[in-house]
Amino acid sequence: MEATKVLDAKGLACPMPIVRTKKAIAELEPGEVLEIHTTDQGSKSDLTAWAKSGGHEILEDVEEDGVIKFWIKKGE
Amino acid sequence: MAMQEMTAGQVTKKIINNEELFILDVRNQDAFEDWKIEGYRFSYLNIPYFELIDGVKGIMEQLPKDKDILVVCAKEGSSVMVAEMLSEAGLDVSYLKGGMKAWSEHLEPIKVGDLNGNGELYQFVRIGKGCLSYMVVSDGEAAIIDPTRMATVFMDFAEEKHVAIKHVLDTHLHADHISGGRVLAEKTGASYWLPPRDATEVTFSYQPLEDEQVIHVGTTKIDIQALYTPGHTIGSTSFIIDQAYLLTGDILFIDSIGRPDLAGKADDWVGDLRKSLYTRYQQLSEELVVLPAHFMIMAELNEDGTVGKKLGDLFKENHGLNVTDEHAFRKMVTENLPPQPNAYQEIRETNMGKITPDTEKQREMEIGPNRCAVR
């Protein structure tokens, strides 16, 4: 999937993956896509809840070799 | 102002001592609604940490000035972040050391009573998840019943008491938490006893617990007598200890009874459950103190933090023991059951030895309340 920006949050523990995601998405324009890589299992439900509350859309998430990848489209 | 660490043990003391505590839970809403720290006089505010990254100004008015405040999250990291911000904003706050992960694993050993000779009976209250384990101690020997996954807690306690763990018993194949039985038996050389009807698929060797089997602990001989009481599982076995205590496993709780559906056989087992509760237990002395394998709500705790009540009292007060109509009973235990425990199939397979998840995975599987009862 095409992403405007990739955020490597691997090895970071909660709350850092979301803190970094929030910062990265602030630098994007609405409609642009942020790709996030994280190894924190808790990120899955937290990113989902965060995206929902912020009006962003999770386009896809996959898990490969312990790395969870998310694609989030910035909301209006 | 200051930020302090509060351990799961300190929070447990606050529950037992009936103290007040204000909990700011910064996990997401689903996680909070599913499972939280319960206390009689605890009050709560749930705001996910990701809504507080830019500051805590918005919630200052919702926080009390006259109560201890504890910030709680899943593993600790986010609660430290929020507690730091609150402390900078002028509040005295604590965060929960190790988060809900540590809360789920904390065991509080509490003495239930003295047994024959110099014997003692301890209950290990897993306060965050509602699991209860037991240790019978007598003359340098110990038997452990329904130990949870945190095997070292039991081993350290045995060492402190200068006793060798000789027997480890499970009342049934658990579906809500991972048993520490096998690991404890391997590490200490103790015998691991299981009801054979629950163990048909296990991948390791064990001692079969048959009806009326008697196990002795110590030289003054404290008897643990097995009583076959199926219904929650087909093998479910109760134990009578020293003619004074009745360990009911997941068949009978203080304020509820066991559910028969966690192995997928509610309709087959409901008859067994009724027979165990309404026939077998009725034949026992009403003076026996019932000690179950779980509690569901804090109201089931006695003043000293233990969970236990005389069988005679339960015959009077426990709704599940007072449904005279068989059809109504069947309906109660097979319909409108609460959600099943998190990952219960994987937990059963782990307890059978079929799968061996790593510790982190085991922790995750056990997240949440136990949900073994029907009310």
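In which sense do strand 14 and strand 15 of chain B pair, and over how many bridges? Strand 14 (residues 222–228) and strand 15 (residues 237–241) of chain B pair in the antiparallel sense over five bridges, where two strands count as paired if DSSP finds at least two bridges between them. This is a predicted model, in which local features need pLDDT of at least 70 and side-chain atom pairs count only at pLDDT 80 or more, while totals for chains, interfaces and linings use all residues. Residues are numbered from 1 along each chain as its sequence is written, and chains are lettered from A and ligands numbered from 1 in the order in which they are written.

**The sheet in chain B**
- An open sheet of six strands, with mixed pairing, has the order 13-14-15-16-18-19 in chain B; strands (E, at least two residues) and helices (H or I, at least four) are DSSP runs, numbered from the N terminus.
- Strand 13 (214–217) and strand 19 (309–310) of chain B stand at the edges with a single partner strand each, so one side of each is left without a neighbour in the sheet.

**Helix 6 of chain B**
- In helix 6 (residues 181–188) of chain B, the residues Gly181(B), Arg182(B), Leu184(B), Ala185(B) and Thr188(B) are buried, meaning that 20 or more other C-beta atoms, placed from the backbone, lie within 10 Å of a residue's own.
- Just after helix 6 of chain B, Gly189(B) takes a positive phi of about 80 degrees.

**Where the chains touch**
- The contact (C-beta atoms, placed from the backbone, within 7 Å) takes 13 residues from chain A and 15 residues from chain B.
- Helix 2 of chain A supplies the largest share of the side of chain A that touches chain B, namely five residues.

How values were computed. Two residues are in contact if their C-beta atoms, placed from the backbone, lie within 7 Å. A residue is buried if 20 or more other C-beta atoms lie within 10 Å of its own, exposed if 12 or fewer, and partly exposed in between; C-beta atoms are placed from the backbone.
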